[in-house]
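The following note sets out several points for a colleague who has the sequence and the model to hand. Please read the points alongside the structure.

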Amino acid sequence: MIQRKQTLLLLMAVILGVMTLSMPIASVTGDGLSFSRIYNLLRMDMHGQVYYDVWPLFLLLLLPSAISMYTIFQYKRRMLQAALCLISMLLYVVWYIALIVYSKMLAPDALGFQLTWVAALPAVCALLNLMARKAIIADEKLVRAADRIR
């Protein structure tokens, strides 16, 4: 049901999640000459060499986007929707933890690792999931109150 605000919030989270999947999230500078750009699926150095050693970031961001898309179509099962929103939020937190781990692996000194603005989008997605979860729980309370009146 597109007219519900939680559906729009979840749809926005899916769109931002897919945008984050396809844009560079960080860059790594090494000895002053070497440069590497990190995407969620791969890492590309300045010569165009591609390394797929950061693929878990892709998976950890694809899962909450897919869960949010699935959550949209579970509008008749509100408590399941609320639980799926919570799972999505936890996966976004795990994505940030994995990003920190990869930053320490790829650039042991903190100066060589620079995040782009795209790295903030999963936090926005988690916030959108939180707002959707609150709206879902409010809907559930409204339905229970209406059932009690009958």
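**Notes on the predicted model**

1. W95 has a relative accessible area of 0% and is therefore buried, the cut-off for that class being under 20%. The model is a predicted one.

2. The structure contains 1 aromatic pair. The rings of W95 and Y96 have centres 4.9 Å apart and planes at 80 degrees, so this pair is classed as edge-to-face. The class follows because plane angles over 60 degrees count as edge-to-face.

3. W95 also belongs to the group of residues that touch the most other members of the largest nonpolar core, a set of 33 residues. I25, I38, L57, L99 and F113 complete that group. At least two core residues come from each of α1 (5–22), β1, α2 (55–72), α3 and α4 (121–149). The largest contribution is that of α3, with 9 residues. In soluble globular proteins, nonpolar side chains tend to be buried together.

4. L99 deserves a separate remark. Leaving aside residues up to four places away in sequence, L99 touches I25, L57, F113 and L115. Of these partners, I25, L57 and F113 are, like L99 itself, among the residues with the most contacts to other core members.

5. The strands form an open sheet of 5, in the order β4-β3-β2-β1-β5, with antiparallel pairing. Which strands stand at the edges? They are β4 (50–51) and β5 (113–115); each has a single partner strand, so one side of each is left without a neighbour in the sheet.

6. Within this sheet, strand β2 (residues 35–38) and strand β3 (residues 43–45) run antiparallel and are joined by 3 bridges. I38 stands opposite R43 in β3. I38 is also one of the residues that touch the most other members of the core.

7. Helix α3 (residues 78–106) lies across β1 (26–29), β2, β3 and β5. The helix runs at about 145 degrees to β5.

8. A138 is located in helix α4. Its relative accessibility of 43% places A138 in the partly exposed class. The C-alpha atoms of A138 and R78 are 9.9 Å apart in space, while the two residues are 60 apart in sequence.

Key:
Residues numbered from 1 in each chain as written. Predicted model: local features only at pLDDT ≥ 70, side-chain atom pairs only at ≥ 80, totals over all residues. Heavy atoms only, no water. Phe/Tyr/Trp six-rings, centres within 6.5 Å; stacked < 30°, edge-to-face > 60°. Buried < 20%, exposed > 50% of the residue type's maximum accessible area, 1.4 Å probe, protein only. Pairing = 2+ DSSP bridges. Helix = DSSP H or I, 4+ residues; strand = E, 2+ residues; numbered from the N terminus. Contact = heavy atoms within 4.5 Å. Axes fitted to C-alpha atoms, helices over the stretch in contact; angles between N-to-C directions. Core = buried A, V, L, I, M, F, W, Y, C linked by side-chain atoms within 4.5 Å.
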